[in-house]
Amino acid sequence: MPFSSDEQPDPRESVLRERREDAVNGYLGRTPAIYRSTIQIHTAAQRWADQKADTPPSLFLTGSIGVGKTHTAWQASRIWLGARIEKTGRMPSIETWRSTALFDALRPDNRDYDAKSLTRTLQRADLLYVDDLAAARVSPTGWTQERLYEIFDERYINRRPVLITCDVLPNQISHIVGDRVASRLGEMCRGGVLLLEGADRRKAGAAA
Ligand SMILES: Nc1ncnc2c1ncn2[C@@H]1O[C@H](COP(=O)(O)OP(=O)(O)OP(=O)(O)O)[C@@H](O)[C@H]1O
Ligand SMILES: [Mg+2]
């Protein structure tokens, strides 16, 4: 049945909806396979992703091995992307990094990345998601910690959000990221530290 004149869809709205769907599907395409399925995420993670006025801009997901931090983070960041497009009408940039790969990329002898331009990209991205922040067995060197400081300080002073997964709390990561970054993360994620509880879901018999 044809639309009557006052039922015409707003063309800007449909362009925005299309843009949002394309962006979210594109992000789903770069999501690791096991984290593409939709799960039930914690209400606080959902509220952060929806960017509710009373939620802090950054989210720090913590909890023991296998509780679902990374899966929650991928899903929350996907929702965050759609919500940000809806809010601003423009396409945000999201940088997603496993911490060990990030520390490697920031090493002075890394040949795959130019440390300066990578630092700039990570300073300016609309959202920086770092997975498993405390995973490294060997702490980054002083040089790499300085690059981390540049990245996190720039984000901190400009109130740009970060999404972190980590099996320890922000006050227990100084030995990995350095005291200055740990201090800034503590403030950036104040009110946004979410402890996921439960069994290791990878173990047979763990509650779904
Ligand atoms: N809410 C959920 N419902 C069903 N399956 C889930 C849920 N959350 C996570 N899973 C599944 O449980 C497994 C472990 O999840 P995930 O990798 O997110 O854990 P993690 O907390 O990041 O672990 P680690 O500390 O080792 O990095 C994955 O197979 C994931 O798909
Ligand atoms: Mg994980």
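Predicted model: local features only at pLDDT ≥ 70, side-chain atom pairs only at ≥ 80, totals over all residues.
Residues are numbered from 1 along each chain as its sequence is written, and side-chain values use heavy atoms, with hydrogens and water left out.

Around ligand 1 there are 15 residues (a heavy atom within 4 Å). Tyr35, Lys69, Thr70, His71 and Arg202 come nearest. The shell consists of five nonpolar, six polar and four charged residues.

Polar contacts are pairs of N or O atoms within 3.5 Å. A polar side-chain atom of Tyr35 is 2.5 Å from an oxygen atom of ligand 1, and a polar backbone atom of Val67 is 3.2 Å from an oxygen atom of the ligand. Arg201 places a polar side-chain atom 3.4 Å from a nitrogen atom of ligand 1. The protein buries 80% of the 640 Å² that ligand 1 exposes when taken alone (Shrake-Rupley method, 1.4 Å probe).

Elsewhere, the structure has eight salt bridges, each a side-chain nitrogen of Lys or Arg within 4 Å of a carboxyl oxygen of Asp or Glu. One of them joins Arg20 and Glu86 at 3.0 Å, N to O. Arg20 belongs to helix 1 (residues 11-29) and Glu86 to helix 3 (residues 69-88), so this pair ties together parts that are 66 residues apart in sequence; helices are DSSP runs (H or I, at least four residues), numbered from the N terminus. Asp54 and Arg47 form a salt bridge at 2.8 Å, N to O.

Methods:
Chains lettered and ligands numbered in written order. Polar contact = N/O pair within 3.5 Å; in protein donor to acceptor, adjacent residues only side chain to side chain. Nonpolar A, V, L, I, M, F, W, Y, C, P; charged D, E, K, R; others polar. Helix = DSSP H or I, 4+ residues; strand = E, 2+ residues; numbered from the N terminus.
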